[in-house]
Amino acid sequence: MAALSTPLLAGPAGAATTPSPSPTPSTPAPGQVPDVLPAPAAGVTRIQVGAFNDLHGRLEAPDETDDGDPVGGAAQLAGAMDALRAKNPNTLVLSVGDNVGASTFTSFIQQDEPTVAALNAMGVAASAAGNHEFDRGYADLTDRIGVNGEPGANGADPLADFPYLAANVVKADGSPALPGFVTTEVGGVRVGVVGVVTQQTASLVSPQGIAGLTFTDPVAAANAVAAQLSDGDPANDEADVVVLLAHEGSSATDCATVGTEGAFGRIVQGASGQVDAILSGHTHLRYDCAFPVAGKAVQRPVLSAESYSTAFDHLVLDVDAAGEVVAAGHQVLDVVGFTPNAQVQRIVDDAVAVAETVGQQPVGSITADITRAFTGEDDDRGKQSPLGNLVADAQKQQTAGAGAQIAFENPGGIRDDLLFAASGAEGDGVVTYAEAAAVQPFANSVVTMTLTGAQVRQVLEQQWQPAGSSRPFLALGVSKGFFFTYDEAAPAGQRVTSATLDGVELDPAAPYRVTVNSFLASGGDNFTTFAEGTDRAELGKTDLEAFTAYLGLPENQQLAPDLEPRYRAAVAAPAPTPTTTAPVVPPAPAPTAAPTSSAPVATPVSRPTRTAVAARPAGSGRLANTGVEVAPWIAAGAALVLAGGLLVTVAARRRSA
């Protein structure tokens with residue numbers, strides 16, 4: 001049972017910032033777990049930790065080697081944990097959070113239930129709560145997924161058999177919102193596992209879903225728990241070894257930067273000497289470092305294992321009879337060549353079968369790739385994209401009945417591209433339901449509200465994010481007919497130089513009907529002005545429903561990408577003509593030039609990432625809850641059910657024994 005901890009004042013910092021040179025071990029053979037320490041001395045107990053981070057519902061292998069061997073996947077990740085246990089039965093399996101959310105279609109279509117079932121079967125002992133665990137709100141995490149293995153809402157069994165930990169999340173009354181730690185015995189060694197989540201979570205998920213929660217300083221919270229577990233009071237559930245699961249990470253992979261930069265650098269430097277190892281995530285990077293700790297003979301390992309089940313942390317700790325760590329070995333290994341766990345493979349196979357049945361339904365057609373913005377191989381949320389604008393077009397059209405005049409889409413809500421090439425037997429140019437769901441995976445509801453022209457301009461200004469944000473600029477997708485210009489050199493709050501709707505400048509005092517997803521509607525991604533919107537209407541549609549209904553309209557078949565940007569950098573106004581006797585109204589700005597500042601428009605680059613689906617069946621009808629006639633080929637969408645704003649299917653829950 002996980003014990004709840006009460007956050008206390010921060011303890012003294014215990015970590016030095018200079019790492020020792022990292023060893024460069026030889027590349028292990030696929031499916032092998034090499035030794036990282038010599039055999040332990042007599043009287044010393046060796047324990048192992050296998051950990052991973054940022055799984056994001058990747059049930060199937062997300063990559064492959066040059067030889068075609070799968071990299072990752074839940075069943076092979078479970079097989080890697082089996083290999084650790086075969087090497088040393090004193091093994092603890094942990095996750096550093098973001099197990100669910102932003103998932104691929106196979107997991108998303110069943111609200112990530114197969115992923116949690118796979119983690120149960122894998123034998124996960126505890127997980128940090130990641131920011132994506134809050135995607136559907138705090139109540140969904142506590143009542144449906146479950147945070148401590150106890151019954152959830154109305155006594156229903158939780159999905160997770162393991163505790164979710166976040167010592168730095170508190171309720172309005174100051175009480176813990178989640179368990180802060182759990183202790184367990186491994187080979188006779190008492191191990192305390194502490195969890196914290198990035199303090200930026202409040203700006204990364206829908207504020208409405210976390211109302212009343214505060215995300216406090218993770219260093220202070222972790223140190224308070226570590227002190228509690230080391231104070232000699234058995235009532236505090238003492239631990240010999242303390243492992244910190246920090247769902248926060250470095251933006252670099254070299255150890256010098258890992259130990260000093262940003263929010264994660266503060267964790268590395270500030271974690272007390274009572275913390276024996278730090279396992280991290282959130283930034284989807286790979287690093288394997290160790291840092292000296294004041295008063296400790298053994299350096300503290302600091303690891304991160306990329307993302308999507310492609311790698312795992314292997315941590316080995318030798319603990320003497322007094323409960324002191326006398327040696328630490330560590331490595332980050334690829335999930336390649338391990339024998340898949342049979343039980344988890346069955347869970348994956350069942351989930352794939354459900355997803356193929358639902359996902360094969362075609363929902364529309366395109367004539368060319370419609371993509372996010374890219375800089376090189378990386379998607380770039382700081383640039384407006386054809387796909388972001390298309391999603392905004394869809395949401396505006398689908399909420400016309402609520403008077404929508406403008407729609408906006410946050411770039412982080414778009415997680416894949418629409419590619420012309422067939423992903424299966426559906427044929428080139430056909431968009432399947434699974435492909436559309438990969439673009440819009442969060443199942444946010446669609447909200448139409450009233451904002452003044454001045455508030456719309458404030459929204460545009462908020463694309464320049466607050467100081468300290470992970471991305472300085474987030475380029476909103478905007479619906480057709482809306483256009484704005486900006487001056488990057490202007491002071492903050494004064495960068496937008498023009499904002500027009502159908503060629504007419506917005507009236508600061510006039511009301512406008514604006515549609516966004518529920519994440520933005522409650523102020524997500526620091527777009528706080530949306531939370532001020534009035535006369536709100538939620539029409540029972542998710543963003544995915546609105547998108548698929550729009551794609552299915554007869555007039556939108558053979559849809560071509562609109563590559564014209566809907567913003568540009570402002571140009572200097574011409575000098576006034578002395579002979580002009582009346583005010584001259586300048587023409588509406590036309591999207592003729594790409595901006596050249598920090599918010600440029602780039603030529604999108606697409607990368608195929610989807611798995612094959614089966615051929616489309618015949619059928620006809622309406623898409624559920626849209627009230628819009630759609631092309632006959634998406635009739636199967638009516639089998640979907642909306643419950644509490646979450647997209648679910650009629651498939652029965654599948655859980656491991």
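This is a predicted model: local features need pLDDT of at least 70, side-chain atom pairs count only at pLDDT 80 or more; totals for chains, interfaces and linings use all residues.

Trainee: What is the mean pLDDT of the chain?

Mentor: The term pLDDT stands for the predictor's confidence in each residue, on a scale from 0 to 100. In this chain the mean pLDDT is 85, and 82% of the residues reach 70 or more. Residues 1–16 have a pLDDT below 50, and this stretch has 53 contacts in the model beyond near neighbours in sequence, where a contact means heavy atoms within 4.5 Å. Residues 573–657 also have a pLDDT below 50, with 196 contacts in the model beyond near neighbours in sequence.

Trainee: How many helices and strands does the chain have, and what share of its residues is buried?

Mentor: Helices (H or I, at least four residues) and strands (E, at least two) are DSSP runs, numbered from the N terminus. This chain has 14 helices and 31 strands. A residue is called buried under 20% relative accessible area, exposed over 50%, and partly exposed in between, using a 1.4 Å probe and protein chains only. Of the 657 residues in the chain, 56% are buried. Among the contacts with a separation of 6 or more, 76% are between residues 24 or more positions apart.

Trainee: Which residues have the most contacts inside the largest nonpolar core?

Mentor: A nonpolar core is a set of buried Ala, Val, Leu, Ile, Met, Phe, Trp, Tyr and Cys residues joined through side-chain atoms within 4.5 Å. The largest one here has 48 residues, and Phe134 and Phe312 have the most contacts inside it. Helices H1 (74–87), H3 (113–122), H4 (138–145) and H9 (342–359) each supply at least two residues of this core, and H1 gives the most, with seven residues. Apart from its neighbours within four places in sequence, Phe312 is in contact with residues including Leu77, Ala80, Met81 and Leu84. There is also a second, separate core of 31 residues, which includes Val478, Ala499, Leu506 and Tyr567.

Trainee: How many residues of helix H10 are buried, and what span should the helix have?

Mentor: The expected span of a helix is 1.5 Å times one less than its number of residues. The 13 residues of H10 (residues 386–398) should therefore span 18 Å, and the end C-alpha atoms are 18 Å apart, which agrees. H10 is mostly covered, with 11 of its 13 residues buried, among them Pro386, Leu390 and Gln398.

Trainee: Which cysteines form a disulfide?

Mentor: A disulfide is a pair of cysteine sulfur atoms within 2.5 Å. The structure holds one, formed by Cys255 and Cys289, whose sulfur atoms are 2.1 Å apart. The pair links distant parts of the chain, since Cys255 is in helix H7 (residues 255–258) and Cys289 is in strand S13 (residues 286–291), 34 residues apart. The link is left-handed, with -90 degrees about the S-S bond, and both Cys255 and Cys289 are buried.

Trainee: How many salt bridges does the count come to?

Mentor: Side chains of opposite charge can pair when their charged atoms come close. A salt bridge is a side-chain nitrogen of Lys or Arg within 4 Å of a carboxyl oxygen of Asp or Glu, and by this rule the count comes to 14. One of them joins Arg46 and Asp318, with the closest N and O atoms 2.7 Å apart. That pair links distant parts of the chain, Arg46 being in strand S1 (residues 45–52) and Asp318 in strand S15 (residues 311–319), 272 residues apart.

Trainee: Is Arg46 buried or exposed?

Mentor: Arg46 counts as buried because its relative accessibility is 18%, and Asp318 is buried with a relative accessible area of 5%. Another salt bridge joins Asp237 and Arg190, with the closest N and O atoms 3.0 Å apart. Arg190 is partly exposed, because its relative accessible area is 27%.

Notes
Residues are numbered from 1 along each chain as its sequence is written. Side-chain values use heavy atoms; hydrogens and water are left out.
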